[in-house]
Each structure stands twice: as C-alpha cells, then as structure tokens.
Amino acid sequence: MKVIVAKHAGFCFGVKRALDTVLKATEKGEPLYTLGPLIHNPQVVEKLRSIGVEVVQDVKDVKHGWIVMPSHGVPKEVTKAAKDAGLKIVDVTCPFVAKVHKRAESLSQMGFHVVVVGDPGHSEVKGILSAAGENATTVSTPEEANAVEWPERVGIVAQTTQVEGHLRAIVEIISKKTAEAQAFDTICYATRDRQQAVMELAPKVEALVVVGGRNSANTNRLREICESTNVPTYHIETADELQDEWFDGKQVVGLTAGASTPDWIIEAVKERLEGI
Ligand code: SF4
C-alpha cells in the first residue's frame with residue numbers, strides 16, 4: 001500500500017523538550033521519578049523506566065531525589081507539596097501550558113469566573129483549574145455550556161489540545177448567556193498544525209491510521225477529527241495492532257500521530273503498512 005504521512009505528525013516542541021530534559025537529568029546519577037507519565041505514551045514511559053526513570057502517582061511516594069513535573073503541568077498544590085517535602089524538582093511543564101495557567105490566574109484575579117474548555121479529569125485541566133483558583137469550571141461540550149446559568153463575567157481558556165471549532169461553539173453559547181465573556185484561544189500551534197494536516201490528508205486516502213497513546217488527549221482529538229471525515233479510521237499504539245483486513249481493496253492509506261508519539265513508532269507503523 002502507498003502510505004502518505006500527514007505534514008505534521010508526532011513529537012511536538014513541548015514533548016521533545018520534556019524528554020531531552022529528563023534524559024539529561026538521568027546523567028546526575030540520582031533517583032529520578034516522574035509524577036504520573038512524563039508524556040501520554042506508554043511505550044516511551046516504558047523506555048524511560050528501563051533506564052531508571054520511575055513513575056510515581058503521588059509526591060508522597062518519593063523519599064529523596066528528583067521529581068519531574070510533566071509536560072502537561074500539575075496543580076500548584078502538587079509543586080508546593082514536593083518543595084515542602086524537600087524534593088528537587090525538574091519542571092518540564094510546556095511553556096504553552098504554563099501560558100494557559102497564567103491566563104487563567106489573571107482572569108480569576110480580575111474577577112472573572114474561569115471556564116476551562118477541556119476533558120474533565122485530564123491532568124492538564126486539573127493544573128489549569130488549580131491556577132484559576134476556586135472560581136472555575138470545566139466544560140467539555142456545548143450541551144454542558146448551555147445547561148449552566150453563567151455568572152455576569154466569564155473568562156474562557158482551553159486545554160491546549162482542544163479542537164478550534166469545538167472551542168468556538170462553546171464560546172458562542174456562553175457569550176449569549178452572560179453579560180461579559182472574554183475568551184482566549186489557548187490551543188497550541190502544534191495541536192492546530194496536526195489537526196489541520198490530517199484534514200488536508202483525509203480526502204486523498206482510503207483509510208486513516210492514528211498512532212498514539214490511548215490516554216493521549218491530543219491523539220484522541222486527532223482520531224475524532226479523522227472519524228468526522230467519514231474515512232475509515234483506526235487508532236493504534238503500535239504496529240503490532242494493525243490488521244491486514246482493515247485495508248482489503250485499499251491502495252492508499254494516510255498516517256498521522258499524536259504529539260507524544262515518537263518517530264520510531266511512526267516509522268515501524270509506516271513500514272508495516274507499506275508491506276500490506
Ligand atoms: S501539544 Fe502543545 S502544549 Fe502540549 S506539550 Fe506539545 S507543544 Fe506543548
């Protein structure tokens with residue numbers, strides 16, 4: 001089969017930066033832990049574990065050494081707890097995520113009720129909510145936005161991996177239901193590029209393969225966009241999951257990957273597809 005790889009796919013700036021920083025930190029020769037997965041890709045997390053970078057779920061699980069705050073950020077209470085416990089911190093929060101924290105904090109300080117458009121319970125969203133303080137809510141669908149009686153002043157930000165049209169729909173609804181709405185499109189350029197690239201690719205192919213962690217928000221958004229084009233879409237984490245019969249009678253397949261999917265996984269999937 002012919003395989004066309006999307007113009008933008010795979011590792012983004014923030015993920016590369018996080019991995020490089022952690023790999024450098026392993027040279028210190030001291031215990032190194034990441035708080036939750038460093039990035040939402042199980043294969044990369046496993047590779048890191050094989051060189052001694054352990055994943056912990058709570059600051060309390062680390063007695064000494066370095067703790068890494070992941071690229072999608074953490075609530076500020078978590079950073080404080082790590083400092084109070086005397087741990088050394090490697091903070092690889094992506095600058096784009098840090099920017100959303102700042103925006104949420106300043107909106108809250110100006111007296112706005114902060115709305116975070118994003119996946120409830122996702123670690124990035126928890127971090128943004130914490131930056132906004134008590135006066136903040138997550139909204140994940142236009143229906144949810146419609147069901148709430150909003151206060152007079154609402155400030156809206158987005159999880160960096162949201163889809164622009166989805167954000168716009170929610171902003172429109174809230175704007176009609178409040179006296180003053182200030183909205184900030186905080187979707188990062190890497191997300192936008194990957195989403196746009198797959199939209200351009202879809203009309204040229206007979207099937208789409210999305211590679212990335214099932215726990216990766218940006219990969220799941222890519223999958224949803226692919227599905228919305230009505231081109232048969234398959235979301236996999238590794239090449240082993242590909243099934244030949246998915247591509248019966250097909251000549252051209254499109255390939256994209258989430259921002260936390262490394263090149264070696266994309267290459268392996270491409271090779272396997274070309275062999276079908
Ligand atoms: S997807 Fe965007 S916000 Fe997230 S780590 Fe990559 S560059 Fe940063």
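I take helices (H or I, at least four residues) and strands (E, at least two) as DSSP runs, numbered from the N terminus. This is a predicted model, and I ask for pLDDT of at least 70 for local features and 80 or more for side-chain atom pairs, while totals for chains, interfaces and linings use all residues. Residues are numbered from 1 along each chain as its sequence is written.

**Loop residue.** I looked up Asn230, in the loop between α9 (217–228) and β11 (233–236). Its phi is positive, about 70°, although Asn230 is not a glycine. Is Asn230 buried or exposed? I count 8 other C-beta atoms within 10 Å, so Asn230 is exposed (buried is 20 or more such atoms within 10 Å, exposed 12 or fewer, partly exposed in between; C-beta atoms are placed from the backbone).

**Domains.** The assignment, automatic or from a database, gives domain 1 (2–10 + 190–274), domain 2 (13–93) and domain 3 (96–187). I find the C-alpha centres of domain 1 and domain 3 29 Å apart. Their contact (C-beta atoms, placed from the backbone, within 7 Å) takes seven residues from domain 1 and eight from domain 3. On the domain 1 side, α8 (189–201) and α9 each give two or more residues.

**Ligand.** I find 15 residues around the ligand, the closest being Cys12, Gly14, Cys94, Thr160 and Cys188 (C-beta atom, placed from the backbone, within 6 Å). Elements giving two or more residues to this shell are α1 (13–25), α4 (95–109) and α8. The largest share, three residues, comes from α1.

Terms used:
Contact = placed C-beta atoms within 7 Å.
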